[in-house]
Amino acid sequence: MTGRIIIVGHGMAGARLAAELSARPGDRKVTVLGAEQHRAYNRIMLSNLLAGKVGESDVELAGAAGQAVDVRLGVAVTAIDRADRTVHTADGDRISYDHLVLATGSRAVVPPLPGLDPEALPDRVAVFRTLDDCRRILAAAEGARSALVLGGGLLGLEAARGLATRGLDVRVVHPVGHLMERQLDPAGGAVLARTLADLGVRTQLAVAATAVTADPDGVTLALSDGTELAADLLVLSCGVRPETGLARTAGLAVERGVVVDDRLRTSDPHISAIGDCAQHDGTVGGLVAPAWAQARVVAELLTGNDPGARYRPQPVVTRLKAAGIDLAAMGEPTPVAGGEELTFTDPARGTYARLLIDGDRLTGAILLGDNPSVGTVIQLFDRGAPVPADRRSLLLGRATGVPAAAPVTTPALMPDATTVCQCNTVTKGALVRCWRAGARSVGEVVATTRATTGCGSCRDAVEGIVNWLSAVDSVEVGA
Ligand SMILES: Cc1cc2nc3c(=O)[nH]c(=O)nc-3n(C[C@H](O)[C@H](O)[C@H](O)COP(=O)(O)OP(=O)(O)OC[C@H]3O[C@@H](n4cnc5c(N)ncnc54)[C@H](O)[C@@H]3O)c2cc1C
């Protein structure tokens, strides 16, 4: 048991850890120091906020920290004194800890271009990481007619689609020959570019930005082919870098992220790291599911609730949150040696599918466009279940006349081990147990399991399972 716990960072990981600690019995003092001024919010939902699908109040993380937690907003930690077990804050405070947890996240990369000072971006130029960034983009978009997005990865495309939804003429500039090259091959990238074009987002590929000029009236981006693009605002979406400065200065082991073991301990046993800033088994985060799973492990360990708790990475599924584009990506982007690679491309219908298979297991998949197999593919990937001998049903998203070996998405037949909420790692079995324990509505199930509270893309599935449970119950009661 640990008396005084300090959490540095009040983002998705830090806020979740505070909530996890509050939910466990015991006498401890938890202090959260967060550099941002805002109460904890769901960073994932910023894409929906930018697109105007939700308002600011909808992205707040309700009840993020329990009442026993001392949350100090707008307070940055500037140094860690490991010998004294004290942190120093920007407002001159020194606070002692028995255990310190770094949850400092990532920061958006500002490319080293003439005209861009990372500490003072021009008014009409913004990165897209925080609520303040989002406010800044929305302020610049007010009355604007056009926008440029530098970077055609997942986040850049979400920003581009969001701005197009607001009626702006949007162009994405990407240095690689096709979009989302970490997940897609050129054929898939071409299908995505075509789908985006139909939605009002043009793409300019294989060209690098060389300079930015901005004044109160607009922004000009100079490109490596000698041309220039002008717009009313520019969003930089050039990747993120783990925020490791504090840890590095304090002498902790840092590679790409702060190095942690299975207990999320850094090279100092009194300091842990979780979320985007942590590097576990050579991998840095970047998604909320591992951050929240790590918060749970640290809470179990620090409260003594489960001294055997260890972090075990789970397969992650990423979905593009952009209206009019269905895209799910999971697993490795390249085939394993000797593995199978199956692709299906139908540009006219905006459909693309790619399955990477090793033996009879999926090692990675991309499904773009309306593909009814998406739920099945995610289930197979999550559970490491064998794919059907005839892969066409998965690839094409329709029956092929071959008896289905794949799981179905009907709740009754869905295996209990199926992960329904990827962000919170909530299985169908957990939802059923929650129902049996007395929850009787979607709201009650969500309050107990936290399903749907991440990216929200599992909302329909959770509602479907609750409706099914409710129907099963009424049949049983009536019988
Ligand atoms: C627009 C957008 C959409 C996304 N969509 C998805 C998605 O669909 N699915 C998904 O899984 N992930 C998504 N992500 C990524 C996800 O948001 C991150 O993986 C997650 O926020 C990581 O949580 P974290 O707590 O580690 O970092 P953060 O949420 O970034 O929080 C870190 C906090 O620490 C604070 N901090 C840093 N240094 C200090 C210091 N010295 N003192 C005090 N405080 C400090 C920062 O100000 C920040 O508030 C998205 C990210 C963005 C920006």
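1. The model is predicted, with local features requiring pLDDT of at least 70, side-chain atom pairs counting only at pLDDT 80 or more, and totals for chains, interfaces and linings using all residues. Residues are numbered from 1 along each chain as its sequence is written, and side-chain values use heavy atoms, with hydrogens and water left out.

2. The ligand is surrounded by 28 residues, of which A13, E36, R43, R129 and K321 are the closest, a residue being near if one of its heavy atoms lies within 4 Å. This shell divides into 15 nonpolar, eight polar and five charged residues, where Gly counts as polar and Ala, Met and Pro are among the nonpolar types. Helix 1 (12-22) and strand 2 (29-34) each contribute at least two residues to the shell.

3. Oxygen atoms of the ligand lie 2.8 Å from a backbone N or O atom of D276 and 3.3 Å from a backbone N or O atom of G286. Of the ligand's 980 Å² of accessible area on its own, the protein covers 91% (Shrake-Rupley method, 1.4 Å probe).

4. The count of salt bridges (a side-chain nitrogen of Lys or Arg within 4 Å of a carboxyl oxygen of Asp or Glu) comes to 25. One of them joins R135 to E56 at 2.8 Å, N to O, and links distant parts of the chain, with R135 in helix 3 (residues 131-141) and E56 in the loop between helix 2 (46-50) and strand 3 (69-73), 79 residues apart.

5. The charged end of R16 sits over the ring of W292, 3.8 Å from its centre (the cut-offs being CZ of Arg within 6 Å of the ring centre and within 35 degrees of the ring normal).

Definitions and conventions. Polar contact = N/O pair within 3.5 Å; in protein donor to acceptor, adjacent residues only side chain to side chain. Helix = DSSP H or I, 4+ residues; strand = E, 2+ residues; numbered from the N terminus.
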